[in-house]
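Please keep the sequence and the structure in view while reading.

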Amino acid sequence: QVQLVESGGGLVQSGGSLRLSCAASGRTFSNHAMGWFRQAPGKEREFVATINWAGGSTYYADSVKGRFTISRNNAKNTVYLQMNSLKPEDTAVYYCNVDPVPYRGGNYYLTPVVGDYWGQGTQVTVSS
């Protein structure tokens, strides 16, 4: 059974930093693109950042470009999101996602397919 477990969320002041981790278990995803999405209260879930299977191609939402960095360690089956210069508008539940189709690029989120994997989410709260 596939499990994605996010960690690293918490409460931080505006301008602070957090590093989220998402560890996958149940199968290896070294050949699959992975990403982070977030959902703020009363809003739809939105794309934050994605990375292709090899780690050489990344995509970011305009709202986080230059502040967030996505990376992965295929040996650990883990994807990370380093978040710097956090703002109150970054407050949301952050979800890890894995593309079920192997070898797609980091822009896989533009053509979602049924059967992708999601974690349970980790809360990030940024105070002003």
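β7 and β8 pair in the antiparallel sense over six bridges, where strands are DSSP runs (E, at least two residues) numbered from the N terminus and two strands count as paired if DSSP finds at least two bridges between them. The model is a predicted one, in which local features need pLDDT of at least 70 and side-chain atom pairs count only at pLDDT 80 or more, while totals for chains, interfaces and linings use all residues. Residues are numbered from 1 along each chain as its sequence is written, and side-chain values use heavy atoms, with hydrogens and water left out.

Within this pairing, T69 has Q82 in β8 as its bridge partner. The two strands form a hairpin with four residues between them, and N77 takes a positive phi near 55° there. Strand β8 covers residues 78-83 and is mostly covered, five of its six residues being buried; buried means under 20% relative accessible area, exposed over 50% and partly exposed in between, with a 1.4 Å probe and protein chains only.

β8 also pairs with β3, again in the antiparallel sense, over six bridges, and A23 stands opposite T78 of β8. Strand β3 (residues 18-25) in turn pairs with β1 over five antiparallel bridges, with S21 of β3 as the bridge partner of S7. Together these strands make an open, antiparallel sheet of four strands in the order β1-β3-β8-β7. Because β1 (3-7) and β7 (68-73) stand at the edges with a single partner strand each, one side of each is left without a neighbour in the sheet. Neighbouring strands of this sheet are turned by 15° against each other on average, direction ignored; the angle is taken between axes that are lines fitted to C-alpha atoms, and angles run from 0 to 180 degrees between N-to-C directions.

| Strand pair | Bridges | Example of opposite residues |
|---|---|---|
| β4 and β9 (residues 92-102) | seven, antiparallel | R38 and Y94 |

β4 and β5 form a hairpin with six residues between them, and G42 in the turn has a positive phi of about 75°.

A search of the whole structure finds one disulfide, defined as a pair of cysteine sulfur atoms within 2.5 Å. The disulfide joins C22 to C96 with an S to S distance of 2.1 Å, and the link is left-handed, with -80° about the S-S bond. Since C22 lies in strand β3 and C96 in strand β9, the pair ties together parts that are 74 residues apart in sequence. C22 is buried at a relative accessible area of 0%, and C96 is likewise buried at 0%.

The count of aromatic pairs comes to six, where rings of Phe, Tyr and Trp (its six-membered ring) pair if their centres lie within 6.5 Å, with planes under 30 degrees apart counted as stacked, over 60 as edge-to-face and the rest as tilted. F37 and F47 form an edge-to-face pair, 6.0 Å centre to centre with 70° between the planes. F37 lies in strand β4 and F47 in strand β5, so the pair ties together parts that are 10 residues apart in sequence; F37 is buried, and so is F47. The rings of Y59 and Y109 have centres 6.4 Å apart and planes at 65°, so this pair is edge-to-face. Y59 lies in strand β6 (residues 58-60) and Y109 in the loop between β9 and β10 (117-118), 50 residues apart. Y59 is partly exposed at 30% relative accessible area, and Y109 is partly exposed at 23%. Ring pairs link F37, F47, Y59, Y109 and W118 into a cluster.
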